[in-house]
Amino acid sequence: ALGDEEALASWAAFDGFGVGLSGEHDGEWAVGPAATVPLPWLDSGESRRAGARASIVAARHELVRVERDVVTEVRTAHAACRAARAELERVLRELVPVQRARREQVEAIYLAGQTDLTAVLLAEQDLQAAQARLVELEREVTVQRVRLERAVGGAGVVRELAREPVGDAE
């Protein structure tokens with residue numbers, strides 16, 4: 001649209017130009033041709049064209065800024081999603097299995113009569129804390145995927161970016 005405005009600026013010399021009929025009543029009616037010619041006849045519309053060109057340049061700069069903002073937002077969302085997934089995988093792969101093994105060992109020691117119930121309860125509490133961390137991270141991964149989806153503009157793109165499954169999380 002701004003390009004059309006620039007093209008129309010060359011016709012600026014004809015702004016205010018008009019042709020038609022004129023009538024007067026001075027006892028009798030007199031009708032004849034009438035023409036309206038603007039005074040700045042030599043104005044080629046250069047100032048309007050320059051203004052239109054400046055608007056085009058400003059619009060292009062705004063477009064570039066918006067494109068860069070979108071790219072930055074997508075990159076940030078993708079990095080956050082990958083970091084959340086990596087943390088979730090670490091907890092699934094390392095923390096939860098270690099806490100399960102610890103609880104099983106402490107339970108076996110308790111059943112053998114070598115420790116009291118407090119150690120078993122503490123090991124169970126630590127396992128539940130690890131599982132709660134797992135749930136928090138699954139939530140965080142979901143939130144980050146939604147943010148990434150919003151940043152790229154649709155779910156189809158996110159599915160392509162995040163193909164590999166995460167353990168039991170998905």
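This is a predicted model: local features need pLDDT of at least 70, side-chain atom pairs count only at pLDDT 80 or more; totals for chains, interfaces and linings use all residues.
I started with burial: of the 170 residues in the protein chain, 19% count as buried (under 20% relative accessible area; exposed is over 50%, partly exposed in between, with a 1.4 Å probe and protein chains only). Residues are numbered from 1 along each chain as its sequence is written, and side-chain values use heavy atoms, with hydrogens and water left out.

Next I looked up the layout. I get four helices and two strands, in the order α-β-β-α-α-α from the N terminus (DSSP runs numbered from the N terminus: helices are H or I with at least four residues, strands E with at least two).

Then the α2/α3 pair. How do α2 and α3 pack? Helix α2 (residues 46-111) and helix α3 (residues 117-152) meet at an angle of about 165°, their axes 8 Å apart. Axes here are lines fitted to C-alpha atoms over the stretch in contact, and angles run from 0 to 180 degrees between N-to-C directions. I therefore put α2 and α3 down as roughly antiparallel (over 145 degrees; under 35 is roughly parallel, 65 to 115 roughly perpendicular, the rest oblique). By class, I find 25 nonpolar, four polar and 14 charged residues in the contact of α2 with α3.

On to α3 itself. Its 36 residues reach 53 Å from first C-alpha to last, close to the 52 Å expected at 1.5 Å a residue (1.5 Å times one less than the number of residues). Among the buried residues of α3 I listed Val120, Ala123, Leu127, Ala130, Leu134 and Gln144. Just after α3, I noted a positive phi of about 95° at Gly153.

I stopped at Gln144, which sits in α3. Buried or exposed? Gln144 is buried, at 6% relative accessible area. I see a polar contact between the side chains of Gln144 and Glu140 at 2.7 Å (a pair of N or O atoms within 3.5 Å; within protein, one must be able to donate a hydrogen and the other to accept it, and residues adjacent in sequence count only if both atoms are side-chain atoms).

Last, I checked Pro97 in α2. Pro97 is partly exposed at 33% relative accessibility. I get 9.4 Å between the C-alpha atoms of Pro97 and Ala130, which are 33 residues apart along the chain.

Methods:
Ala, Val, Leu, Ile, Met, Phe, Trp, Tyr, Cys and Pro count as nonpolar, Asp, Glu, Lys and Arg as charged, and the others, Gly among them, as polar.
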